Amino acid sequence: MNVSHASVHPMDDPPTGEGANAPRGRVNDIQGMPATLVGLVLRLCQFLFAAASLCVMATTSDFPSVTAFCYLVAAAGLQSVWSFSLAVTDTYALLVRRSLQNQRAVMIFTIGDGVTSTLTFAAACASAGITVLIDNDLNNCYQNHCVQFQTATAMAFLGWLVTLPSFFFNFWSMASR
């Protein structure tokens with residue numbers, strides 16, 4: 001008979017009292033990585049800043065006339081879609097208590113964060129250069145939407161700033177394997 005007895009394979013008693021239903025955290029998950037609460041907050045901030053930049057820039061009537069502003073709209077659109085999809089993934093992983101630390105997922109997250117953060121930073125820098133040109137050098141703000149351009153550019157920079165921790169945590173996780 002192949003029955004396991006407690007004397008052969010001792011088993012611990014299940015915890016009783018308050019500790020029985022306490023949520024157990026995963027040991028290897030550092031806050032800020034995918035499937036953590038801080039990681040979800042970072043993704044939501046990325047989405048909000050990118051969506052704000054996109055909406056503010058798209059509400060101006062003359063943004064299509066400048067290539068840098070069109071680039072900012074495209075980069076902010078990509079950033080908002082990427083961040084929203086990963087926020088949904090993080091939410092699901094948190095609800096079902098799954099870890100997203102397998103090698104393929106971390107590599108996809110790292111490459112995606114690297115690409116979107118680079119595109120967002122380049123678009124924000126280009127847009128900042130154009131807004132400085134319009135405002136300071138040409139003194140032509142009374143005919144343009146300088147406040148909206150500056151707001152959209154600032155939102156893009158803030159979106160880039162909250163994308164960096166996600167990229168660095170994912171890159172560190174990928175490199176430490």
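Helices (H or I, at least four residues) and strands (E, at least two) are taken here as DSSP runs, numbered from the N terminus. On that basis, the protein chain reads α-α-α-α along its sequence, with a secondary structure of 4 helices and 0 strands. This is a predicted model, in which local features need pLDDT of at least 70 and side-chain atom pairs count only at pLDDT 80 or more, while totals for chains, interfaces and linings use all residues. Residues are numbered from 1 along each chain as its sequence is written, and side-chain values use heavy atoms, with hydrogens and water left out.

## The chain as a whole

Let us start with the overall numbers. Of the 177 residues in the protein chain, 36% are buried; buried means under 20% relative accessible area, exposed over 50%, and partly exposed in between (1.4 Å probe, protein chains only). The protein chain exposes about 10,700 Å², and carbon and sulfur atoms supply 66% of that area. Accessible areas come from the Shrake-Rupley method with a 1.4 Å probe, and for residues only the protein chains shown count as cover. Taking a contact as heavy atoms within 4.5 Å, residues 24 or more positions apart account for 78% of the contacts in the protein chain with a separation of 6 or more.

## Nonpolar cores

Next comes the interior. A nonpolar core is a set of buried Ala, Val, Leu, Ile, Met, Phe, Trp, Tyr and Cys residues joined through side-chain atoms within 4.5 Å. The largest such core has 15 residues, and those with the most contacts inside it are Met-57, Phe-63, Phe-69, Leu-72, Ile-134 and Phe-149. Which helix gives the most to this core? H2 does, with 5 residues. Leaving aside residues up to four places away in sequence, Phe-63 touches Met-57, Ala-58, Phe-69, Cys-70, Val-73 and Phe-149. Apart from this core lies another, of 7 residues, among them Ala-35, Trp-82, Leu-86 and Ala-93.

## Aromatic pairs

Rings of Phe, Tyr and Trp (its six-membered ring) pair if their centres lie within 6.5 Å; planes under 30 degrees apart count as stacked, over 60 as edge-to-face and the rest as tilted. By this rule there are 6 aromatic pairs. Two of them are set out here.

| Pair | Distance between ring centres | Angle between planes | Type |
|---|---|---|---|
| Phe-47 and Phe-84 | 5.2 Å | 45 degrees | tilted |
| Phe-121 and Phe-157 | 6.1 Å | 75 degrees | edge-to-face |

Phe-47 counts as partly exposed because its relative accessibility is 25%, and Phe-84 counts as partly exposed at 46%.

Phe-121 lies in helix H3 (residues 103-137) and Phe-157 in helix H4 (residues 146-175), so their pair ties together parts that are 36 residues apart in sequence. Phe-121 is partly exposed at 33% relative accessibility, and Phe-157 is partly exposed with a relative accessible area of 24%. Ring pairs also bring in Trp-160, linking Phe-121, Phe-157 and Trp-160 into a cluster.

Helix H4 also holds Gly-159. Is Gly-159 buried or exposed? Gly-159 is buried, because its relative accessible area is 3%. The C-alpha atoms of Gly-159 and Phe-121 are separated by 8.8 Å, although the two residues are 38 apart along the chain. Gly-159 also touches Gln-46 and Phe-49, with residues up to four places away in sequence not counted.

Most residues other than glycine have a negative phi. Ala-35 is not a glycine, yet it has a positive phi of about 70 degrees. Ala-35 sits in the segment before H1 and counts as buried at 2% relative accessibility. Asn-139 likewise has a positive phi, near 50 degrees. Asn-139 is found in the loop between H3 and H4, and it is exposed, with a relative accessible area of 54%.

## A nonpolar surface patch

Finally, the surface. Patches are made of residues with over 30% relative accessible area and no salt bridge, where like charges are joined within 9 Å and nonpolar side chains (Val, Leu, Ile, Met, Phe, Trp, Tyr) within 5 Å. A salt bridge is a side-chain nitrogen of Lys or Arg within 4 Å of a carboxyl oxygen of Asp or Glu. Leu-37, Val-41 and Leu-94 form a nonpolar patch, with about 250 Å² of accessible area together. Leu-94 belongs to helix H2 (residues 67-95) and counts as partly exposed at 30% relative accessibility.
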